[in-house]
Amino acid sequence: ENAFFAANRIFGKRTEMIITTADSLTPQKNQDENEHYLQRKISEHSGPLLFIGDEMHVFGTADRLNALPQNAEYRIGLSATPQRHDDEEGTEELFEYFGDVVKEIDAREAIYDLGCLVPYHYEPRFIELTSDEHKMWKKLSAKIAAASQSEDALMAAAGKRNRVMQHADHKLSELKKILETDLVGENLMFIYSPEGWDPDDAENDEENRRGIEKIRDIMEEKGYEVALYDGSASTTKRKALQTSLKNEEIDALIS
């Protein structure tokens, strides 16, 4: 509210710019748009309005689609992944709002022509699910097929099946091999972990650790100095961890 108040106090020719998150733009459940300050100010805006949706795919949920300003004469959607995973309807509505793709930049162009991405080597390592993980995958696949008429049940089963793949045991085995070979003596590393807990550990308190904690334990056992870099860390703590990594006081941040 202070941003609008300050902008309205400035006289003469000006451009008002508001930067907000998708959540702040979206009214709460059962909240009238007129009761939502940001939505009300947008609807009251006179003159040309440009809406830029960064990471446009995040606006594809029903509530966020309804929150997109319909009085925006000009619209730009930016995303490396505009197609929403397993959500054809949300993807279609996003393209109806923003329009067709007008410019695509591939990784090669971004790295070598524009210099806006760091050059990288991509080396996939293929693993297989364990017998138990494969059984769980098949069981959840059957639930997904049976839940085709219930969106909530379908999404719950699909989410759990995805976690089976994300937390596959052989990923940790492969990590151990890489730490003992390709990454020996390396630092300045970011290691990305699957979110949450391994669904296969749900009934085993001793094994029920977050994926990020399992990776930490493995790396520490191999002699690496690491730190967790997740949502529990404050902005100040994150900056301190970044500095520690830059100064090579630690070898890796696990996020």
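**Salt bridges**

Student: How exposed is Asp 23?
Tutor: Asp 23 counts as exposed, at 51% relative accessibility; buried means under 20% relative accessible area, exposed over 50%, and partly exposed in between (1.4 Å probe, protein chains only). This is a predicted model, where local features need pLDDT of at least 70, side-chain atom pairs count only at pLDDT 80 or more, and totals for chains, interfaces and linings use all residues. Residues are numbered from 1 along each chain as its sequence is written, and side-chain values use heavy atoms, leaving out hydrogens and water.

Student: Which side chain does Asp 23 meet in a salt bridge?
Tutor: That of Arg 64, at 2.6 Å from N to O. A salt bridge is a side-chain nitrogen of Lys or Arg within 4 Å of a carboxyl oxygen of Asp or Glu.

Student: And what does the pair tie together?
Tutor: Asp 23 is in helix α2 (residues 22-25) and Arg 64 in helix α4 (residues 62-67), so the pair ties together parts 41 residues apart in sequence. Helices here are DSSP runs (H or I, at least four residues), numbered from the N terminus.

Student: Is Arg 64 buried or exposed?
Tutor: Buried, with a relative accessible area of 19%.

Student: New topic: how many salt bridges does the structure hold?
Tutor: It holds 10. One of them joins Arg 125 and Glu 174, at 3.1 Å from N to O.

Student: Which residues are linked in a network with those two?
Tutor: Asp 182 is linked with Arg 125 and Glu 174 in a network of salt bridges. Glu 174 is buried at 17% relative accessible area, while Arg 125 is partly exposed at 38%.

Terms used
Helices (H or I, at least four residues) and strands (E, at least two) are DSSP runs, numbered from the N terminus.
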